[in-house]
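Please look through the sequence and the model shown here before reading on.

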Amino acid sequence: MLKITDLKVSYGMIEAIKGISFEVNDGEIVTLIGANGAGKTTTMHAISGLLKPRAGSIELDGQELTKLAPHKIVSMGLAQVPEGRRVFAQQTVEENLTLGAYTRKDKPGIAADMEEVFALFPRLKERRRQMAGTLSGGEQQMLAMGRALMAKPSILLMDEPSMGLSPLLVSEIFHIIEEINSKGTTILLVEQNAKRALAIADRAYVLETGLITLAGTGEELANDERVKKAYLGG
Amino acid sequence: MGAEKKKIKLPVFLTKPRYRSRVASFSIILAGWLILEIMMHTGNLSSLFTSLLVPVCCYIVAAIGLNLNVGISGELNLGQACFMSVGAFTAVCLSGSMAGSVSSPLLRLILAMVAGAVAAAFFGLIIGIPVLKLEGDYLAIVTLAFGQIIKSLITNMYLGFDAAGFHFSFVDNKVELQPGGKMLLNGPMGATGTERISTFSAGVVLILISLIVVFHLMYSRSGRAIMAARDNRIAAESVGIEIFRTKMLAFIVSSCLAGAAGALYGLNYSTLVPAKFDFNTSILLLVYVVLGGLGNMTGTIIATVVLVLLPELLRSMQDYRMLIYAIVLILIMLLTNNETIRTWTMRITRKLRRQTNG
Ligand SMILES: Nc1ncnc2c1ncn2[C@@H]1O[C@H](COP(=O)(O)OP(=O)(O)OP(=O)(O)O)[C@@H](O)[C@H]1O
Ligand SMILES: [Mg+2]
């Protein structure tokens, strides 16, 4: 279980996260929705150790993460798909995936997981020797997801995986997220596409300028008038 | 249609980039070595050419190291010559002080080169620890400053050696030596009276060692991590790569190679002034790296050889020398950055690969 308590994160003098608490239980899909600049990416980076919080605690299965370096957190089973399709452009698809397993040592396990990723994203298999920088936007997003899966995470953080993709591809990505979850990986999903995210989420939180303003099940929030007005277009 | 095109099975070392780049650079070096040795022994090599052999080797090694730092790790370093300087003066002093105790020149050369490499790596460590923790191009600024500092330091250093050991001073004429003692460093005059123990063979061996080290690193797990940190910092951190450690590794290896190269360089001349390793030399090394191609070690070797030899070969054409040099620079730039040529080589490699994957 991932438990965030009274988290505060600042960039210099600017407080981007002003004290939020939420939790993600094992096996759940939890989504964090909010407008641009609400602090979603900041929250994700704080959890995976890329940013040091100013205050508060982040616990994974009872262990405090805020003092740990990112590579320690990855090896504890928490992986992140960063915002904006960040692939290693000058390396092949296969090398990108291998790097996803950077913190692991079990060679046979890594090979098996690579096959599993290829089963999930057949398009990546066809392009395994292609440079990641020459993949299409959708393929790069798949690669970023596959790479995170190579860490064999028990919990996966995804920051706007559907950003900038065609409607068809968005559906595909959301199906894959559900599939990853059904195989036992807990998911914390950040999305602008609130409608889609709420539809697959067990629970959801609304983040507004650094504070959580609403919480509930995916269905509850999807039917909430305030959410409808602000995030679902009326 | 009809008969299937006959597939030629090429050996793996010609198709996989990781092997191909090794084969290419090792064969260039070994072929060059063989040809030059033969020419030297048959007396077909001019004295000018012969005198350039060791320095060319030194520049190649320093440039290979720099390419690891700039091309593979993506950190700009404007002070590579300065690491050569540290290695050179360490080596000269050590060799000078060992002249009485270690009689074999080869052993002294090896010890001096190791000491030069270690000294340069030590300075790399001191610079790298604070600077590489920061995000941004701070390494360029700091290595630039480091170059000036080291030059001023050595320019003002007086070091003597006698039966009682080393005598050191920052003030002229303060070093008093017993009879039989020897001055190793003479301030602005640098090191004088150095016994010239560098050899071309040592240079070639040093190049081979540096290629082995750099290729081993490039195509290892650490090497992929170094490139990942260069390509995308956030993604690299998110998969658990320690950015600081990877950048440090590349930087230290680079400094270390420059130090060993500097040692070989210093022991090739009877006098060596600190001004030899100034900002211009650092920039020249960077030019070799950029023109040879970032991350391309074979290219670095070729660019270094051409650009070191060219001005010397053109010495007789005083008036046109710089003109021709500039034209060649532009030509190399066009060649290595030309889209048509690049697609052409890519097509060839793809063809080779397809044939082997069959
Ligand atoms: N490196 C930074 N330095 C200063 N301020 C920052 C930095 N990164 C983010 N911020 C600020 O912190 C706030 C939260 O940013 P964040 O990136 O977390 O938003 P977000 O919810 O992910 O937005 P989006 O949906 O556009 O990705 C914003 O006001 C942003 O301007
Ligand atoms: Mg964001």
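A polar side-chain atom of A:Lys40 lies 2.7 Å from an oxygen atom of ligand 1, which is a polar contact, that is, a pair of N or O atoms within 3.5 Å, where within protein one must be able to donate a hydrogen and the other to accept it, and where residues adjacent in sequence count only if both atoms are side-chain atoms. Taken alone, ligand 1 exposes 630 Å², and the protein buries 60% of that, with accessible areas coming from the Shrake-Rupley method with a 1.4 Å probe, and only the protein chains shown counting as cover for residues. This is a predicted model, in which local features need pLDDT of at least 70 and side-chain atom pairs count only at pLDDT 80 or more, while totals for chains, interfaces and linings use all residues. Residues are numbered from 1 along each chain as its sequence is written, chains are lettered from A and ligands numbered from 1 in the order in which they are written, and side-chain values use heavy atoms, with hydrogens and water left out.

Other contacts reach ligand 1 as well. An N or O atom in the side chain of A:Asn36 is 2.7 Å from an oxygen atom of the ligand, whereas A:Gly39 uses a backbone N or O atom, 2.9 Å from an oxygen atom of ligand 1. In total 13 residues surround ligand 1, and the closest are A:Lys40, A:Thr41, A:Thr42, A:Glu83 and A:Gln192; a residue counts here if one of its heavy atoms lies within 4 Å. Helix α1 (residues 40–47) of chain A gives the most to this shell, with three residues, where helices (H or I, at least four residues) and strands (E, at least two) are DSSP runs numbered from the N terminus.

Helix α6 (residues 137–149) of chain A has 13 residues and reaches 19 Å from its first C-alpha to its last, close to the 18 Å expected, the expected span being 1.5 Å times one less than the number of residues. Of these 13 residues, 12 are buried, a word that means under 20% relative accessible area, with exposed meaning over 50% and partly exposed in between (1.4 Å probe, protein chains only). In chain B, the 24 residues of helix α10 (residues 243–266) should span 34 Å, and the end C-alpha atoms are 34 Å apart, which agrees; 20 of the 24 residues are buried.

Side chains of opposite charge can pair when their charged atoms come close. Over all chains the structure holds 19 salt bridges, each a side-chain nitrogen of Lys or Arg within 4 Å of a carboxyl oxygen of Asp or Glu. One of them joins A:Lys3 and A:Glu23 at 3.8 Å, N to O. Because A:Lys3 lies in strand β1 (residues 2–11) and A:Glu23 in strand β2 (residues 14–24) of chain A, this pair ties together parts that are 20 residues apart in sequence.

In another pair, B:Arg108 and B:Glu195 have their closest N and O atoms 2.9 Å apart. This pair links distant parts of the chain, 87 residues apart, with B:Arg108 in helix α5 (residues 105–131) of chain B and B:Glu195 in the loop between β3 (182–186) and α7 (200–218) of chain B. B:Arg108 counts as buried at 3% relative accessibility, whereas B:Glu195 is partly exposed at 40%.
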